[in-house]
Amino acid sequence: MKKLFVVVLAIVALAVPAFANGAVESEPNVIKVGATPDPHAAMLSQVVDQLAEEGYTLEIIEFTDYVTPNEALASGELDANFYQHLPYMESANAERGYNLVSAGGIHIEPLAVYSEKYDSLDAIPDGATFGIPNDPTNEGRALLLLESAGLIKLADDAGLEAVPADIAENPHNFKFTEIEAASLPRILPDVDAAIINGNYAIPAGLIATRDGLLVEGAESPYVNVIAVRSGSENEPKIQALVSALKGDTVKAYVADRYPNGEVILVD
């Protein structure tokens, strides 16, 4: 098979010159997808050849933050992005006026509590400091995880976007430091524990089922989706992308690359 090359551009927050000149017209046989590196861009790279055989060129544009991929998609610079779960996308729509929809759910990356100082939840002392994501949906997700273990209790009306101010009961007097999600693995030595998203835990060498002191269950509603602008979810190239990511090639890759449940594919 002819060797194919994937266009990969590294883009960081506040540094997006590739998008400075406004939207470009989408090409029917080119699929431009923004993604965070692992596992999203890695999973996408597995279907480049398959999509090429179907007549599509897949271009993977890597981002290292949670904000600019939606900006790029909403402005028309991308055909899709693959990095976020459904509640985060819905929050971004409400906050920024986007009109993004899911073209298909692909997988769950279990959120987990990690610590370099303690080897169990029970060992974490009263008054300990937790690092948690500072974006609305993942912050709420982290607090809901702690609530599921009975460590805190949130107000009845807190919802998916709970913040520390919504904690109604905190019997262990835990403290919470709100940090950009991407930075949580780096600050892990500086806190007693941190609640880290899978797509940032995995590159840092953290495995939820091995290293996590508390791990989100498979029933999680936080399914990572292929996000697109409303109205394009049924375009043939988008449907081809979703179908490829749900196919046997990705299933085999995930089973081999993430054998410990770091990535859980959904039907």
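Q: Why is the contact between the side chains of Lys-237 and Asp-79 called a salt bridge?
A: In this predicted model, the N to O distance between Lys-237 and Asp-79 is 3.2 Å. The cut-off is within 4 Å, for a side-chain nitrogen of Lys or Arg and a carboxyl oxygen of Asp or Glu, so the Lys-237 and Asp-79 pair counts as a salt bridge.

Q: What makes the pair of Lys-237 and Asp-79 a tie between parts apart in sequence?
A: Lys-237 belongs to helix H9 (residues 236-245), while Asp-79 sits in the loop between H3 and S4. The two parts are 158 residues apart in sequence, so the pair ties them together.

Q: Are Lys-237 and Asp-79 buried or exposed, and how do you know?
A: Lys-237 has a relative accessible area of 3%, and Asp-79 has 8% relative accessibility. Buried means under 20%, so Lys-237 is buried and Asp-79 is buried.

Q: Why is the pair of Arg-96 and Glu-71 called a salt bridge?
A: The closest N and O atoms of Arg-96 and Glu-71 are 3.7 Å apart. This is within 4 Å, so the name applies. Arg-96 is in helix H4 and Glu-71 in helix H3 (residues 68-74), 25 residues apart, and the pair links distant parts of the chain.

Q: Why are Arg-96 and Glu-71 called partly exposed?
A: Arg-96 has a relative accessible area of 43%, and Glu-71 has 33% relative accessibility.

Q: What classes do Arg-210 and Asp-211 fall into, and why?
A: Arg-210 has a relative accessible area of 53%, and exposed means over 50%, so Arg-210 is exposed. Asp-211 has 24% relative accessibility, so Asp-211 counts as partly exposed. Their side chains meet in a salt bridge at 2.8 Å, N to O. The structure holds five salt bridges.

Q: What makes the largest cavity a cavity, and what lines it?
A: A cavity is a set of points where a 1.4 Å probe fits but cannot get out. About 110 Å³ of space lies in the largest cavity. Its lining has 14 residues, with Tyr-66, Tyr-83, His-85, Asn-197 and Asn-224 nearest its centre. Strand S4 gives the most to this lining, three residues.

Terms used. Residues numbered from 1 in each chain as written. Predicted model: local features only at pLDDT ≥ 70, side-chain atom pairs only at ≥ 80, totals over all residues. Heavy atoms only, no water. 1 Å grid on protein atoms, 1.4 Å probe; cavity = no way out; pocket = protein on both sides within 12 Å on 5 of 7 lines; lining within 4 Å. Points joined across faces, edges and corners; volume = space filled by probe spheres on them. Helix = DSSP H or I, 4+ residues; strand = E, 2+ residues; numbered from the N terminus. Buried < 20%, exposed > 50% of the residue type's maximum accessible area, 1.4 Å probe, protein only.
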